[in-house]
Protein chains: 2
Amino acid sequence: MNDEATRLQEARDEFVAHWGALGTQWGINRTMAQIHALLMTAPAPMSTDEVMEALSVSRGNAHTNLKELIAWGLIRSVVKKGERREYFEADKDVWNIFTTVAKERKRREIEPALGVLHQCAAETKEMETPAGKQFHEQMRQLEEFVGFASKVADKVAGMKHGFAVQLAAKLLG
Amino acid sequence: MNDEATRLQEARDEFVAHWGALGTQWGINRTMAQIHALLMTAPAPMSTDEVMEALSVSRGNAHTNLKELIAWGLIRSVVKKGERREYFEADKDVWNIFTTVAKERKRREIEPALGVLHQCAAETKEMETPAGKQFHEQMRQLEEFVGFASKVADKVAGMKHGFAVQLAAKLLG
DNA sequence: CACTGGTTTCAGTATTTTCCGAAACCTCGA
DNA sequence: TCGAGGTTTCGGAAAATACTGAAACCAGTG
């Protein structure tokens, strides 16, 4: 039954590979997504060298993306006592992962958009011509909506898991 | 007061430029995002040549991205009667834009992920070792969550604007 | 049927992003 | 202060993506 170990390894490799491919779909670089997949399914924290080995990537690449994952808050480094090197482990709780990603995406995608829309709306506030009014109105509506989305994202990302499930259940019911 | 026309033009250019930059942040190509911004703020439908002119891009580029926007459902082509060439106009309703984007993103980001997770979970369903069980459990949880997200996305994208506002108001209140 | 105005495709080029590999850099213990 | 083990940085190579320009194509009209 050592066969099972092999099949597990295969399944894990598959997961890592596909998750990496998916990552590129959503504008996350492949290596970063792969490392995340790897650590999410690791039975124990892994060192930089283990990651390099498992994914066949260079030290520089592994390092950059480990730091990036830390910056996102998706993994953290742990120090095994008596050891000098760093080990990394991923948060495995799906709800935590979700809220972390949601917060980050909000910061990167929603907030800059709000800034642009707000400015464009402000600049055209006083316009009198139909064209000016129409443009302003479009900006205002977009700003309103995106601002709204921003608030919703905050709210959801701040929820505890149980509460979110309850809410969603009601929504879907 | 022709000055207002100038300022409006500047504001619009700014919007188009920034929206394009934002687009790249979310994995949408710059030109596509710019064309969308342009058409969202156009007082009337525009032809391919007008788009090329306004953004200083090649015909091929304009054409490709116009088709892509049509494929997403964010713009549509209209034929002015008596004219031979195609004109394009964007849906300007923010809620429509949102649901359209949401549907497309779900299709591109959520559905493929579900497939991968489902397969990895299935492949490890019968495993007996702790490592195998743990991996399976992780896949199962991810699949469950993503499936859930998928349903929520459907539900929200299918809502009428008014209803969504009502719901969100309750959520934020 | 051939001309005109318009659309679509695509090979090659430019730009952007990602990755490697190696050197520079820390930090602790001897 | 040196050396070993480990981390960080970064210039340039490689890969992926976007864009151009021009040719092929298509549909009405004279």
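Okay, one definition before we start: buried means under 20% relative accessible area, exposed means over 50%, and partly exposed is in between, with a 1.4 Å probe and protein chains only. So B:Lys67, with a relative accessible area of 36%, is partly exposed.

Now the housekeeping. This is a predicted model, where local features need pLDDT of at least 70, side-chain atom pairs count only at pLDDT 80 or more, and totals for chains, interfaces and linings use all residues. Residues are numbered from 1 along each chain as its sequence is written, chains are lettered from A and ligands numbered from 1 in the order in which they are written, and side-chain values use heavy atoms, leaving out hydrogens and water.

Back to B:Lys67. Its salt-bridge partner is B:Glu86, with the closest N and O atoms 3.8 Å apart; the rule there is a side-chain nitrogen of Lys or Arg within 4 Å of a carboxyl oxygen of Asp or Glu. B:Glu86 sits in strand β3 (residues 86–90) of chain B and B:Lys67 in helix α4 (residues 59–72) of chain B, so the bridge ties together parts that are 19 residues apart in sequence. Helices (H or I, at least four residues) and strands (E, at least two) are DSSP runs, numbered from the N terminus. B:Glu86 is partly exposed too, at 32% relative accessibility.

On to the two chains. How does chain B superpose on chain A? You rotate by 180° with 0.0 Å of shift along the axis, and the RMSD is 0.0 Å, fitting by least squares on C-alpha atoms of residues with pLDDT of at least 70 in both copies. That's the relation of a two-fold axis. In chain B, the residue that comes closest to this axis is B:Gly27, with its C-alpha at 2.6 Å.

What about the interface? 53 residues of chain B are in contact with 53 residues of chain A, contact being heavy atoms within 4.5 Å. The buried area is about 4,900 Å², and carbon and sulfur atoms give 72% of that; buried area is the accessible area (1.4 Å probe) that two parts lose on being put together, summed over both.

Between chain B and chain A the count is 2 salt bridges. One of them joins B:Arg105 and A:Glu109, at 3.6 Å between the closest N and O atoms. A:Glu109 counts as buried at 15% relative accessibility, while B:Arg105 is partly exposed at 22%.
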